[in-house]
Amino acid sequence: MKHAPREHQRVYLTFYLRLFEGDNFLGYLIDISRDGVMVMTEAPLEENRSYSLKMKLPSTLEWKGKKTEDRVIKFRAECKWCRHDDVDKEFYLSGFNFTEVSEEDNEIIHSMINEFKIR
């Protein structure tokens, strides 16, 4: 399956941030762009489904005085594709496009991209 060209560059992370659907652990964030995220999971995810997600943020990101337990952003994203990981067939990779992100959380996403992009 061929994908449309990427509008914004992906930022690959050197550590994995945890993603949750509600209170249930979903998987790990592999990369992030202004348009969406790639997630690694142990089970396949449903394509073309909208997910309500919560992402725990890295402790290195400036946090504007909020409590550690509040170090999360929430957003909705649609799973566009899901496939086995090429390296480890026990895991799945899924690509998501953001569909709903608050202005404040969108600013945090942009801060993450700027802080962790390869220079």
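User: What makes β5 and strand β6 count as paired?

Analyst: This is a predicted model, and in it β5 and β6 (residues 92–101) are joined by nine bridges in the antiparallel sense. Pairing needs at least two bridges. Nine bridges were found, so the two strands pair. Within this pairing, C82 stands opposite S94 in β6.

User: Which strand does β4 join, and how many bridges are there?

Analyst: Strand β4 (residues 50–56) joins β5 (residues 72–84) through seven bridges, and the two run antiparallel. S50 faces E78 of β5 across this pairing.

User: Why is the pair of F25 and Y28 called edge-to-face?

Analyst: A pair of rings is described by the distance of the centres and the angle of the planes. Centres must lie within 6.5 Å, and planes over 60 degrees apart count as edge-to-face. For F25 and Y28 the centres are 5.1 Å apart and the planes stand at 70 degrees, so the label is edge-to-face. Ring pairs also link F20 with F25 and Y28 in a cluster.

User: Why is F25 called partly exposed?

Analyst: Buried means under 20% relative accessible area, and exposed means over 50%. F25 has 42%, which falls in between, so F25 is partly exposed. Y28, at 31%, is partly exposed too.

User: How many aromatic pairs does the structure hold?

Analyst: There are four aromatic pairs.

User: How do you know that the charged end of R49 sits over the ring of Y51?

Analyst: The charge must be within 6 Å of the ring centre and within 35 degrees of the ring normal. The charged end of R49 is 3.9 Å from the centre of the Y51 ring, and it sits over that ring. K54 does likewise over the ring of F20, at 6.0 Å from its centre.

User: Which residues have the most contacts inside the largest nonpolar core?

Analyst: They are L29, I32, L53, M55, F75 and F96, in a core of 22 residues. Elements giving two or more residues to this core include β4, β5, β6 and α1 (103–116). A second, separate core has five residues, among them I30 and W81.

Methods. Residues are numbered from 1 along each chain as its sequence is written. This is a predicted model: local features need pLDDT of at least 70, side-chain atom pairs count only at pLDDT 80 or more; totals for chains, interfaces and linings use all residues. Side-chain values use heavy atoms; hydrogens and water are left out. Helices (H or I, at least four residues) and strands (E, at least two) are DSSP runs, numbered from the N terminus. A nonpolar core is a set of buried Ala, Val, Leu, Ile, Met, Phe, Trp, Tyr and Cys residues joined through side-chain atoms within 4.5 Å. Buried means under 20% relative accessible area, exposed over 50%, partly exposed in between (1.4 Å probe, protein chains only). Rings of Phe, Tyr and Trp (its six-membered ring) pair if their centres lie within 6.5 Å; planes under 30 degrees apart count as stacked, over 60 as edge-to-face and the rest as tilted.
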